[in-house]
Amino acid sequence: MIVQRKQLTLWERLYLPAIIAGLKVTLRHFFKKKVTMEYPEEKWVVPEGYRGAPYLVRDQEGNTKCVSCQLCEFVCPPKAIRIIPPGPDGPPADRPNAEKIPLEFEINMLRCIFCGYCQEVCPEEAIFLMKDYSLTGTSREEMIYNKEKLLELGGEHRGIQKWKQKLEEAKAQATFPGEV
Amino acid sequence: MDWNFILFSLIKIVCVIGAVLTMFAYSVLAERKISAFIQDRVGPNRVALPLIGSVPVIGPFLTRIGFWQPIADGLKALLKEDFTPSYVRKAYFWLAPAIALIPAFLTVAVIPFGSNLGHQRMVIADLNVGILYTFGIVSLGVYGIVLAGYAANSKYPFLGGIRSSAQMISYEIAMGMSVIPLFLLVGNLNLGQVIEYQARHGWLILYAPLSFFIFLVSAFAETNRLPFDLPECETELVAGYNTEYSSMKFALFFMGEYANMVAGSAMMVTLFFGGWTLPFAGMDQPAATVLMGLVHIGIFVGKVLVLMVVFIWVRWMLPRFRYDQLMDLGWRRFIPLALANILVTAFVLWWRSGS
């Protein structure tokens with residue numbers, strides 16, 4: 001099928017109508033409301049499930065939930081997490097249900113890629129990716145967050161929530177639509 | 001030795017160069033803000049000076065319109081490293097920005113930017129062949145770009161330089177021929193006389209709109225502005241002839257381009273829009289008081305600013321011409337059109353004077 005292309009009229013070939021139309025469009029946009037978000041004054045709304053910076057959490061009695069199993073260290077793709085476990089003669093855990101607590105826990109925020117694998121693999125629900133997206137520091141050493149800083153930024157997280165979530169999922173599967 | 005004349009000329013030269021440089025700095029800012037507004041975004045609005053920025057109402061307002069941004073740009077240009085690559089031809093590399101910049105400043109020497117202030121005429125050089133001088137100097141502007149492209153010793157700048165020089169010399173012819181009808185009407189090449197004619201008979205754009213159109217488009221082509229900016233666009237030739245140039249020399253090229261725009265706008269205001277006159281309120285007479293003289297200068301600057309806004313507006317509105325379309329327009333359409341314009345004007349003048 002041959003596409004019929006109309007010959008441009010003389011008026012159109014002068015490009016003047018096209019230029020005038022262009023002038024109208026740009027003038028209209030000149031006076032429209034701007035879509036720029038002025039950053040430090042206006043911030044955007046961080047959505048649910050946003051993968052920000054990873055922080056350690058405490059439970060409702062103020063104990064650290066991390067038991068230094070080092071699973072997050074091994075799963076971390078850029079190896080941003082470094083944990084020094086207490087060893088056999090290190091300090092004991094600070095809560096009754098745990099056997100050990102990390103001696104030192106460092107996350108290098110410059111290597112972290114915010115993938116969320118550490119949060120996914122943690123059996124104790126001790127590390128979460130929070131909504132913090134703008135991390136700044138004045139030196140590389142300053143950007144390696146140690147345990148104190150991580151705990152302080154993490155906040156509180158009550159109990160184990162994954163069982164509640166698995167319960168919800170199981171219930172959802174019990175009412176699977178459509179009979180055999 | 002007329003020391004008085006020399007002294008006042010020096011003062012005028014310093015003032016005009018200062019004014020052109022200030023207009024350059026603020027036209028860069030204006031371009032960024034206007035282009036941002038056309039593209040639904042805000043331009044630079046963060047630079048604030050330490051003390052003045054906190055004055056209650058004016059300070060934040062000036063910061064929001066980016067008034068101090070040219071200071072930041074100037075500081076950046078000064079403090080950035082200004083290197084010379086090892087593979088360039090050193091002499092031409094160093095000369096090219098200067099040769100690109102100087103003709104722009106020379107062109108404004110003949111333009112009357114006011115009537116008079118006290119007893120001083122507000123024009124640096126009241127030449128009787130004003131417009132010929134202008135076109136001679138504009139032709140020199142090509143050398144800067146050719147040298148820049150040649151000196152950089154590398155593919156993209158070379159192509160950019162060649163294209164730009166071909167484009168500029170083509171549109172110079174159309175530009176020159178398009179203003180001949182105006183001088184047929186006025187009868188005198190002196191730019192002060194042109195303004196006086198316009199004060200008596202109305203602005204020349206009403207008599208020769210086609211001349212204005214050809215001159216406007218040729219001015220875009222001469223200053224390498226869109227829609228004719230193939231020599232320096234980013235998509236075709238990384239940055240064209242100014243690829244290899246860094247801070248200060250690049251700033252000089254940039255300054256040359258905007259100073260050329262200012263000179264071109266000033267030329268258009270003088271030739272077509274009546275220079276420093278306005279048709280009402282007795283502002284078409286040379287000033288009797290200092291206040292009126294200042295008002296005339298203000299009118300001139302205002303008109304130049306309007307034309308600069310038109311330059312910037314058209315840049316962000318039209319797509320770029322392809323190179324063969326550009327040359328086609330310059331040689332095969334504008335030159336016959338300008339010639340026809342001259343013939344028709346001459347015929348009409350002869351008819352009116354004969355009968």
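Mentor: Two residues are in contact if their C-beta atoms, placed from the backbone, lie within 7 Å. The model is a predicted one, in which local features need pLDDT of at least 70 and side-chain atom pairs count only at pLDDT 80 or more, while totals for chains, interfaces and linings use all residues. Residues are numbered from 1 along each chain as its sequence is written, and chains are lettered from A and ligands numbered from 1 in the order in which they are written.

Trainee: How many residues does the contact take from chain B and from chain A, and how many on the side of chain B are charged?

Mentor: The contact takes nine residues from chain B and 10 residues from chain A. Classes are assigned as nonpolar (Ala, Val, Leu, Ile, Met, Phe, Trp, Tyr, Cys and Pro), charged (Asp, Glu, Lys and Arg) or polar (the others, Gly among them). On the side of chain B that touches chain A, seven residues are nonpolar, none is polar and the charged residues number two.

Trainee: How are α11(B) and α12(B) oriented to each other?

Mentor: Helices here are DSSP runs (H or I, at least four residues) and strands likewise (E, at least two), numbered from the N terminus. Axes are lines fitted to C-alpha atoms, for helices over the stretch in contact, with angles from 0 to 180 degrees between N-to-C directions; those of α11 (residues 247-272) and α12 (residues 290-315) of chain B come within 9 Å and cross at roughly 120°. Angles under 35 degrees count as roughly parallel, over 145 as roughly antiparallel, 65 to 115 as roughly perpendicular and the rest as oblique. The relation of α11(B) to α12(B) is therefore oblique.

Trainee: Which residues of α12(B) does α11(B) meet, and how does the contact divide by class?

Mentor: From α11(B), Met261(B), Val262(B), Ser265(B), Ala266(B), Met268(B) and Val269(B) take part, and they meet Phe300(B), Lys303(B), Val304(B), Leu307(B), Met308(B) and Phe311(B) in α12(B). The division of these residues is one charged, one polar and 10 nonpolar.

Trainee: Why does Ala80(A) count as buried?

Mentor: Ala80(A) is placed in the loop between α3 (71-75) and β2 (81-84) of chain A. Leaving aside neighbours within four places in sequence, Ala80(A) is in contact with Ile107(A), Asn108(A), Arg111(A) and Cys112(A). A residue is buried if 20 or more other C-beta atoms lie within 10 Å of its own, exposed if 12 or fewer, and partly exposed in between. Ala80(A) counts as buried because its C-beta neighbours inside 10 Å number 22.

Trainee: Is Asp40(B) buried, exposed or partly exposed?

Mentor: Asp40(B) is found in the loop between α1 and α2 (58-64) of chain B. Although Asp40(B) is not a glycine, its phi is positive, about 65°. With 13 C-beta neighbours inside 10 Å, Asp40(B) is partly exposed.

Trainee: What separates the C-alpha atoms of Lys162(A) and Glu125(A)?

Mentor: Lys162(A) is in helix α6 (residues 162-174) of chain A, and Glu125(A) lies in the loop between α4 (117-121) and β4 (127-129) of chain A. The two residues are 37 residues apart along the chain, and their C-alpha atoms are separated by 7.9 Å.
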